[in-house]
Amino acid sequence: MTVLRPSSRIRRAVLPLALCAGLMTTLTACASDPDEGTNGVGKLEATAIEKKAQSAADAAKAVRLSGTLVSKGGTYKLNMRLKQDGASGSVTIKNSTFELLRVGDELFLKADAAFWEHEDPSAGESSGAPSSSGSGSDSSSESGGDSDSGSDAGSEAADKLDDMYVKVPQDDPSYKQLRGFTDMDLLLDGLIGLHGDVAKGDYDKIGGVRTINVRGGEDGEGGSLDVSLEGTPFPVRFARGGGAGVVVLSEWDKDFPLAEPAKGQTLDYGKQLPRG
């Protein structure tokens, strides 16, 4: 009878365990392949992933954009549905929220009385729009009119505008700025591009959609883009560098109805919006 020394018995016991552990590691690695069942975009180089996402966005007919953007004009919270010939949704600036509806070149603004009483749609600080050129100045303040009567008149005008669609004249200083919130190509062009050397990030799941991340510059200072690994490689989320906002992009190519509001819901002030 051969008596095994303790070291031999240990080696014989450890060998099967090691083989089993190696097999389990291999099986687990195969089962957790992050690219299994995807569109294969995750296997590409970072620059190729970015190009795929840009091409998909360029060819899209519609999208929903929601999130926050930070610029010199302030912080904007957007929830817009966009397509080539128009858009609808809401914009929040500071504590003010207003709705925008664009059908072709016709742009409408809808807000409550508090917005019209306290906000100037063309004031850069309140809406991000360029300042008025002065043609809409308040004559009562210039002539030293009674402030209480001016306030009452402003409240009365605001009540008339409450929850109505006000047509934004194309000659008004705020038209271009407000229209920018409804321009699909303009918004996407400014959001999807990354800056600096592009590198691949982590796999993730956003809104139930599997994604791969690509980022520009060191630590994503040039922006961070999450791209869908399911179906068409649409952008799913974009984080601007320097903490300048994060937006989620969804409902790609999902059409939605657009129509000008009924006449009974619309007010037209001619060449310039009313001022608060």
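How many bridges join E4 to strand E5 (residues 106–111), and do the two run parallel or antiparallel?

A: E4 and E5 are joined by 5 bridges and run antiparallel. This is a predicted model, in which local features need pLDDT of at least 70, side-chain atom pairs count only at pLDDT 80 or more, and totals for chains, interfaces and linings use all residues. Residues are numbered from 1 along each chain as its sequence is written, and side-chain values use heavy atoms, with hydrogens and water left out.

Strands (E, at least two residues) and helices (H or I, at least four) are DSSP runs, numbered from the N terminus. Two strands pair if DSSP finds at least two bridges between them.

Leu101 has Phe108 of E5 as its bridge partner. The E4–E5 hairpin has 2 residues between its strands, and Gly104 in the turn has a positive phi of about 65°.

Now the whole sheet. It is open, has 12 strands and mixed pairing, and its order is E7-E8-E9-E10-E11-E1-E2-E3-E4-E5-E6-E12. Strand E7 (198–206) and strand E12 (266–268) are the edges; each has a single partner strand, so one side of each lacks a neighbour in the sheet. From one strand to the next, the twist averages 20°.

Lys205 stands opposite Arg210 in E8.

Helices come next. H2 lies across E7, E8, strand E9 (224–228) and strand E10 (235–239), at about 60° to E7. H8 packs on the sheet too, touching E9 and E10 among others, and makes about 60° with the direction of E1. Axes are lines fitted to C-alpha atoms, for helices over the stretch in contact, and angles run from 0 to 180 degrees between N-to-C directions.

The axes of H2 (residues 46–59) and H8 (residues 184–192) come within 11 Å and cross at roughly 175°. That makes H2 roughly antiparallel to H8 (angles over 145 degrees). Glu50, Gln54, Ala57 and Asp58 of H2 make the contact with Leu188, Asp189 and Ile192 of H8; contact means heavy atoms within 4.5 Å.

Key
Angles under 35 degrees count as roughly parallel, over 145 as roughly antiparallel, 65 to 115 as roughly perpendicular and the rest as oblique.
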